[in-house]
Amino acid sequence: MSLLKLFSILVVIFTLMISGCSSEDETSTPEQPSTGVTLKLTVDTNALEVDTNTTLKVVATYDQELMSKASDINSSTEDVTDKVEWIINDKDALEIKKHILHTKKDKLITIQAKYKNTLSNPVTIEIYKVINGHRLPPEPDETLNNSTLLGIDSNNNGVRDDVERWIFVEYDHPIVQAVAMQNTRAFQIILADPSKARETTKFMENQTDCELYYIFQDPRKLITRDMDLYKESRPLILNTKERNRAYYEYNQALSGGVYPGRDRNTHKTRCDFNESKILLGDWE
């Protein structure tokens, strides 16, 4: 066999091998066939209190080709809410029965509907808890909350969300909750800039005076002498090295100063909340 003929045969074999590989690559990632269905999930409200209901609706829209092939499809759209499979990131937080969603615990939840191998748009629902008329913020992500000095305060009321939630679970009476909230607000202010301790210590003094009023002067004795809201909340407030360091710097900045006592008759005026409104559930 001549070298020229042998070379020609090798070229043909090589060409066939390349062609085969190309063909195999093309068939290894085929396009996914369209289901011919799109799903639209809607909810009456995206924010609900615990133990309440809302209505869901899932509408399927079919393309013409699918309609012509399926004998059970008579319209281009259909309410399929009762036919879908529900995908929920925390099934303990809610339950769904047909069109009705019932909330069970406070959390941010994402739900989707699945029908005929098609997923709907995701919908996020905030389930919140109300205690003594006060709407609690959602439980913050622990890592994110502790990654900064002041943490997460999603409702911008001057109190870190995790501490706020703890206060309303730990204490029952709204006045005690309000005093504890003032205590935490004072901490947040002094921690934000310890170098300004001589200016911001007044917020800690006001908190102390307010608490003293309810311990010694308020006849209801809502805060007893064996309670110390400052000490009880302090471990949670100062739960990172950065926060402890800022508190240490605050105390260092105050060292050597002289701070006169305050008139006990003005103790109640140091409270930063309106007692009458708090008792009516008005926390604004």
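Helices α6 (197-217) and α8 (241-254) each supply at least two residues of the lining of the second largest pocket. Helices here are DSSP runs (H or I) of at least four residues, strands are E runs of at least two, and both are numbered from the N terminus. The structure is a predicted model, in which local features need pLDDT of at least 70 and side-chain atom pairs count only at pLDDT 80 or more, while totals for chains, interfaces and linings use all residues. Residues are numbered from 1 along each chain as its sequence is written, and side-chain values use heavy atoms, with hydrogens and water left out.

To stay with this pocket for a moment, α6 gives the most to its lining, with five residues. The lining of the second largest pocket consists of twelve residues, and Thr201, Met204, Glu205, Thr208 and Tyr250 lie nearest the centre. By class, six of the lining residues are nonpolar, four polar and two charged; Ala, Val, Leu, Ile, Met, Phe, Trp, Tyr, Cys and Pro count as nonpolar, Asp, Glu, Lys and Arg as charged, and the others, Gly among them, as polar. The space in the second largest pocket is about 170 Å³.

How is such space found? Rolling a probe the size of a water molecule over the atoms shows where empty space is left. On a 1 Å grid over the protein atoms alone, a pocket is an open set of points with protein on both sides within 12 Å along at least five of seven lines, a cavity is a set where a 1.4 Å probe fits but cannot get out, and lining residues have an atom within 4 Å of a point. Grid points are joined across faces, edges and corners, and a volume is the space filled by probe spheres set on the points.

The largest pocket holds about 420 Å³ of space. Its lining is made of 17 residues, with His134, Asn157, Asp282, Trp283 and Glu284 nearest the centre. Two or more lining residues come from each of β12 (134-135), α5 (174-192) and α9, and the largest share, three residues, belongs to α5. Five nonpolar, six polar and six charged residues make up this lining.

Helix α9 (residues 275-279) also contains glutamate 275. Is this residue buried or exposed? Glutamate 275 counts as buried because its relative accessibility is 15%, where buried means under 20% relative accessible area, exposed over 50% and partly exposed in between (1.4 Å probe, protein chains only). Leaving aside residues up to four places away in sequence, glutamate 275 touches Ile175, Tyr214, Arg220 and Lys268; contact means heavy atoms within 4.5 Å. Glutamate 275 and proline 174 lie 101 residues apart in sequence, with 8.9 Å between their C-alpha atoms in space.

Taken as a whole, the protein has nine helices and twelve strands. Of its 284 residues, 36% count as buried. Among contacts between residues at least 6 apart in sequence, 58% join residues at least 24 apart.
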